Amino acid sequence: MAKKFTNTRVLIGFIFRRDRIRLLLWILGIAIFAISIAALLPDLYPDKADKLVLAETMKNPAVTFMLGPSAGLNNYTDGAMMGHFMLVFTAMFAAIMSILLVTRHTREDEEDGRIEMIYSLPLGSLSNLTATLLTLLIANVLIFLLIGLGLYGLGIETMGLEGSLLFGASVGVVGIFYAALTGLFAQLASNVRTTLGLSFAFLIAEYIIRGSGDTGNQALSHLSPLGLITRSEVYVNNYWWPILLLLAISLLIYSFSLYLNSIRDLGAGFISTKPGKSQGSPYLSSPIGLALRLERTPIIAWALGIFILGSAYGSLLGDLEGFLSTSQLVQKMIPIVEGFSLTQSFVTMLITIISVIGTIPILMFVLKVNSEEKKDRISQLLATPVSRYSIIGSYTLIGLMAAFLIQLMSVLGLWLAASFTMEDVISFGTLLKAAIVNVPAMWIFVGVAVFLIGRFPKLTGLTWTYLICAFFIEYMGEFLKLPEWTTKLSPFSHVPSVPVDEVKVSTLLIILVIAFILIGIGFREYNRRDIE
Amino acid sequence: MSFIEMSKVRKNFGIVTALDGIDLKVNKGDIYGFIGPNGAGKTTAIRILLGIIKANSGESKIFGMDSWKDSVEIHKNLAYVPGDVNLWPNLTGGEVIDFFVKLRGKVNKKRRDELIERLGLDPSKKCRTYSKGNRQKVALIAAFASDVDLYILDEPTSGLDPLMEKIFQEYIMEIKEAGKSVLLSSHILSEVDELCNKVSIIKQGKIIESGSLDELTYLKRISITLQTRKPIEGFEKLKGVHDIKKRGDLLLFQVDQEEMNNVIKYISGYEVIKLESSPPTLEDLFMRHYKDDGGEA
């Protein structure tokens, strides 16, 4: 048996050598992210009165859906706020790190034929999977220690050593869980695409299950690792059982994936792939036909996913109505606009959040042209009578049009679910209008992506940084009291809040013009530069 | 009319000079060999011809049109097989073949099916499951199934087995008979020797030799390994003999083709035990080129 693990330690060293920069960036990035926000908190809400008001607004079911429950609302200390705001998000970043890195070292190495070379060396047949998971275990333990000691090191009164360590452990254990889970999916699926697809679908599903559970049947949340870690009640009661439970589950999943790894052939999986068509369909005869064919599955999956997200938020609107009409404090806080219910004002905020999330697939669709180039598939296409404009134009067009599809699907989900739960249902037309005014802001991201692809193809990752910034500005800007100039950086902040605000056509036109100028420059530069 | 015309083409990647002013001329009906070792600049030159990258200076034309500006027009009448074929993992081989053929114009279904049959490809498999050789077959089928005047093939046989290579050569001959042109890059001299009527040899971004095969003096030297019962004397004074080396009883040297007869007459007086001759390899060629340059091999 031990033979099956021969040289695992050497492999771990090799993985650290290959990914030293990548691992460093992930580990430091996640730790610094959590610690720096914690450092901000005491100055944001210094008074007891501020905290009381905040705690009251945090009882909002929509907030619970986004962030998770808090056990500390009655005594909303800095520590309780930190545990409430940041735990689920930080943990999700650790999950994303684990998913990407485990896939990279298991299925991706296998698909690209690198594992074959590794296996020809005196290595155990289970060494690679084990080495990958142990590497991620080390990475997540480092995250645990850095966050735990870092938060404690801030010296904030209500962030004690045990709570800080528990916060770090909750983040780390989610990372460990997703490393094990992705390791399992890498055995089941026979290619990178399916492995990543399954892992991310699982993560998003867990988030929604946790949200629905936290705002409805509490037991449901226990099915989600993200829900479980919020039960550790960091900085309030400091329960350690969710950590132990998740570690035990991760170990089970790891054992099962070892078993699957030992009974399968190299390169094979358990989800069978059926043979495809031996002839191309008539639609597959132009660059846009190819782009649509390549993005077909992701487009359908994202449209469905956004629909589910929309309906999850929509199902909250009934509770929200009740909350907003009973909480006097909140009624005082949100400015009353003549002729609009509080719920309506809140809905526009929700739609902005969904629009930001909906920008993720749109960027993926556009940036696909860049990954195609990196995989050296564009040059073959360019050797046929196809212009560069038609190649980059196809992916740009898909991104631009997908913005409408995504907005339509989210509103459809929101409206359907809302019409079951709300007394005073908001009309579909109003919701759609509120969603469509966000499309120009989404197109700004298409513009930035196309500009970078054309001018700075190595820096396209910055588009994601920009979107993450916009996400935090929209999602947490108010809680974190970000200065006004930073909020202006997000194109979504400039979009009028329909139905409360008047639609200012001039503002929207300016956003559109900026988006199209960026796209125009990107196109021109793409047409001028060397293709890799 | 020249199908391909490159003159004084230079390309730098940062401070590295990939092409140092190369000239290349391929006429209608030529099967043109483009040979050189790995990293000599073959693929860079081809990418410039295809308008995928832009030359820093010099002129590059195909069918008399600028290969950067008029690439779309040029590509209607051209098929390309890259050295490293990268396909879309979730499309099948059949889908990729049809896609490329449709982009280039009319689909000749009979020819496509015949090619698939002869090269023995399963077109219903996803590309991610294909080996290197099978990916190369997909690209070759897509190229040969298109009715175009110029084929640019970058080391097209590097993943094929000898049987498939034979079939490949038959298709090249068919193209030749139809009066079309091929630019075939390779680092194997014998492959080019069998198929091509003209060659250019590239090394470190420079064309060091080009012309028809008969014209290339370097290609007309034959390597000989000789063993005789009586020791040979005065051999080095013979005309047309180069690079004489002694290895035990064996004598290794090279002979110019036109002096072959005299050399044979001379050595026959020394009781030949063993005589082996072999065509020049790319390696010999470069060694000689360096020596002529006064450089080090």
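A:F167 is in contact (heavy atoms within 4.5 Å) with A:A34, A:M82, A:G83, A:M86, A:L87, A:T90, A:I147, A:L151, A:V234 and A:Y235, leaving aside its neighbours within four places in sequence. This is a predicted model, in which local features need pLDDT of at least 70, side-chain atom pairs count only at pLDDT 80 or more, and totals for chains, interfaces and linings use all residues. Residues are numbered from 1 along each chain as its sequence is written, chains are lettered from A and ligands numbered from 1 in the order in which they are written, and side-chain values use heavy atoms, with hydrogens and water left out.

**The nonpolar cores**

- A nonpolar core is a set of buried Ala, Val, Leu, Ile, Met, Phe, Trp, Tyr and Cys residues joined through side-chain atoms within 4.5 Å.
- Buried here means under 20% relative accessible area, exposed means over 50%, and partly exposed is in between (1.4 Å probe, protein chains only).
- Which residues touch the most other members of the largest nonpolar core? They are A:F85, A:F167 and A:Y313, out of 237 residues in that core.
- Helix 5 (residues 78–111) of chain A gives the largest share of this core, 16 residues.
- Domain 1 (12–266) and domain 2 (282–532) of chain A both contribute residues, so this core lies between them.
- Another core, of 13 residues, lies apart from this one, and its members include B:F235, B:L238, B:L251 and B:Y270.
- As background, nonpolar side chains tend to be buried together in soluble globular proteins.

**Chain A as a whole**

- Chain A has 23 helices and 0 strands; helices (H or I, at least four residues) and strands (E, at least two) are DSSP runs, numbered from the N terminus.
- The radius of gyration of chain A is 24 Å, close to the 24 Å that the globule rule gives for 532 residues, so chain A is as compact as a globular protein of that length. This radius is taken over C-alpha atoms, and the globule rule is 2.2 Å times the number of residues to the power 0.38.
- Taken along the principal axes, the C-alpha atoms of chain A fill a box of roughly 70 × 60 × 40 Å.
- Of the 532 residues in chain A, 55% are buried.
- Among contacts in chain A with a separation of 6 or more, 79% are between residues 24 or more positions apart.
- Chain A has an accessible surface of about 22,500 Å², and 67% of that belongs to carbon and sulfur atoms. Such areas come from the Shrake-Rupley method with a 1.4 Å probe; for residues, only the protein chains shown count as cover.

**The two domains of chain A**

- Chain A is divided into domain 1 (12–266) and domain 2 (282–532), with bounds that come from an automatic or database domain assignment.
- Taken over C-alpha atoms, the centres of the two domains are separated by 26 Å.
- Where the domains meet, 27 residues of domain 1 are in contact with 25 residues of domain 2.

**A closer look at some residues of chain A**

- In helix 3 (residues 48–57), the buried residues are A:K51, A:L54, A:A55 and A:T57. Seen down the helix axis, they fall within an arc of 160°, so they line one face of the helix; the arc is that of the directions from the helix axis to the C-beta atoms.
- On the other side of helix 3, A:K48 and A:L52 are exposed.
- A:G163 is found in helix 8 (residues 161–188) and is buried, with a relative accessible area of 2%. Beyond its neighbours within four places in sequence, A:G163 is in contact with A:V234, A:Y235 and A:N238.
- A:G163 and A:L151 are 12 residues apart along the chain, and their C-alpha atoms are separated by 9.0 Å.
- A:T396 sits in helix 18 (residues 388–421). Is A:T396 buried or exposed? A:T396 is buried, with a relative accessible area of 2%.
- A:S285 is in the loop between helix 12 (241–263) and helix 13 (287–314), and is partly exposed, with a relative accessible area of 29%. Leaving aside its neighbours within four places in sequence, A:S285 is in contact with B:F99, B:K102 and B:L103.

**Chain B as a whole**

- Chain B has 9 helices and 14 strands.
- The C-alpha trace of chain B spans about 70 × 45 × 35 Å along its principal axes.
- Of the 297 residues in chain B, 53% are buried.
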